[in-house]
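Hi,

Here is the structure I promised to pass on to you. Please have it open while you read, and my notes on it follow just below.

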Amino acid sequence: MAAPARLLTFLVLPVFALSACGSSSKNSAKDFQGDQKAVAQAVEDLQTQGEKRSSAGAQKICDDLLAPELVAQIKQASSKACDAVIKDAISDADAFELQVQKVTINGDQATAVVSSQASGRKDRTDTLTLKKVGNAWKISALGAAASG
């Protein structure tokens with residue numbers, strides 16, 4: 001079905017349309033403190049698991065890094081399981097480098113402004129929405145480009 005495929009592209013690919021090969025990896029979570037650091041670390045963990053380009057990495061993203069609501073959206077939009085959708089998305093990405101520029105927390109909700117660079121393109125800025133689930137910050141929405 002074409003409509004679910006477009007929805008999945010919107011849900012998953014903005015984060016996985018990432019940087020040019022050969023860029024150096026920097027853990028931007030080190031630039032933050034407290035809960036802001038925990039939010040930034042969730043984004044860094046997404047990058048780390050995506051870099052693995054493996055079924056295990058995709059499973060970890062679905063199980064540990066995405067909020068249950070986002071996993072449900074992915075499942076609803078596809079006939080595939082979340083990990084299969086994520087595996088397809090990370091297999092299509094050129095490289096993985098996310099730099100968290102800003103973190104804003106409001107209660108159990110947070111946003112992370114993330115920059116990346118795709119091969120031969122301008123820097124791209126996306127906003128990820130996170131939700132505190134138990135003691136962990138989990139990605140609840142993979143936002144559209146804020147500028148680029």
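Let me start with the disulfide: Cys 62 and Cys 82 are linked, with their sulfur atoms 2.1 Å apart. Please keep in mind that this is a predicted model. The torsion about the S-S bond is -85 degrees, which makes the link of Cys 62 and Cys 82 left-handed. Cys 62 sits in helix H3 (residues 55–65) and Cys 82 in helix H5 (residues 82–92), so the bond ties together parts that are 20 residues apart in sequence. Both Cys 62 and Cys 82 are buried. The count for the structure is one disulfide.

Now the overall layout. The protein has five helices and four strands, and along the sequence they run α-α-α-α-α-β-β-β-β. Of its 148 residues, 42% are buried. The accessible surface comes to about 7,400 Å², and carbon and sulfur atoms hold 51% of that. Among contacts with a separation of 6 or more, 57% are between residues 24 or more positions apart.

In H3, the buried residues are Gly 57, Ala 58, Ile 61, Cys 62 and Leu 65. Viewed down the axis of H3, they fall within an arc of 135 degrees, so they line one face of the helix. In H5, Cys 82, Val 85, Ile 86, Ala 89 and Ile 90 are buried. Down the axis of H5 these residues fall within an arc of 125 degrees, so here too they line one face of the helix.

Next, the nonpolar core. The largest one has 30 residues, and Leu 66, Ile 86, Val 100 and Leu 130 touch the most other members. Two or more residues come from each of helix H2 (34–52), H3, helix H4 (68–77), H5, strand E1 (99–106), strand E2 (109–117), strand E3 (123–133) and strand E4 (136–147). H2 gives the most to this core, with five residues.

Which residues is Leu 130 in contact with, leaving aside its neighbours within four places in sequence? They include Val 39 and Ala 42, then Asp 108, Gln 109, Ala 110 and Ala 112, and also Trp 137, Lys 138, Ile 139 and Ser 140.

Last, the charged pairs. There are four salt bridges in the whole structure, and I will go through some of them here. Lys 132 and Asp 35 meet through their side chains at 3.7 Å, N to O. That pair links distant parts of the chain, with Lys 132 in strand E3 and Asp 35 in helix H2, 97 residues apart. Lys 132 is partly exposed, at 28% relative accessible area, and Asp 35 is partly exposed at 38%.

Asp 64 and Lys 60 form another salt bridge, with their closest N and O atoms 2.7 Å apart. Both lie in helix H3, four residues apart, about one turn of the helix. Asp 64 is partly exposed at 36% relative accessibility, and Lys 60 is partly exposed at 36%.

Asp 88 also forms a salt bridge with Lys 80, where the closest N and O atoms are 2.4 Å apart. Asp 88 is partly exposed, with a relative accessible area of 35%, and Lys 80 is partly exposed at 41%.

Best wishes

Notes
Residues numbered from 1 in each chain as written. Predicted model: local features only at pLDDT ≥ 70, side-chain atom pairs only at ≥ 80, totals over all residues. Heavy atoms only, no water. Buried < 20%, exposed > 50% of the residue type's maximum accessible area, 1.4 Å probe, protein only. Contact = heavy atoms within 4.5 Å. Areas by Shrake-Rupley, 256 points an atom, 1.4 Å probe, with all protein chains shown as cover. Disulfide = S-S within 2.5 Å. Core = buried A, V, L, I, M, F, W, Y, C linked by side-chain atoms within 4.5 Å. Arc of directions from axis to C-beta.
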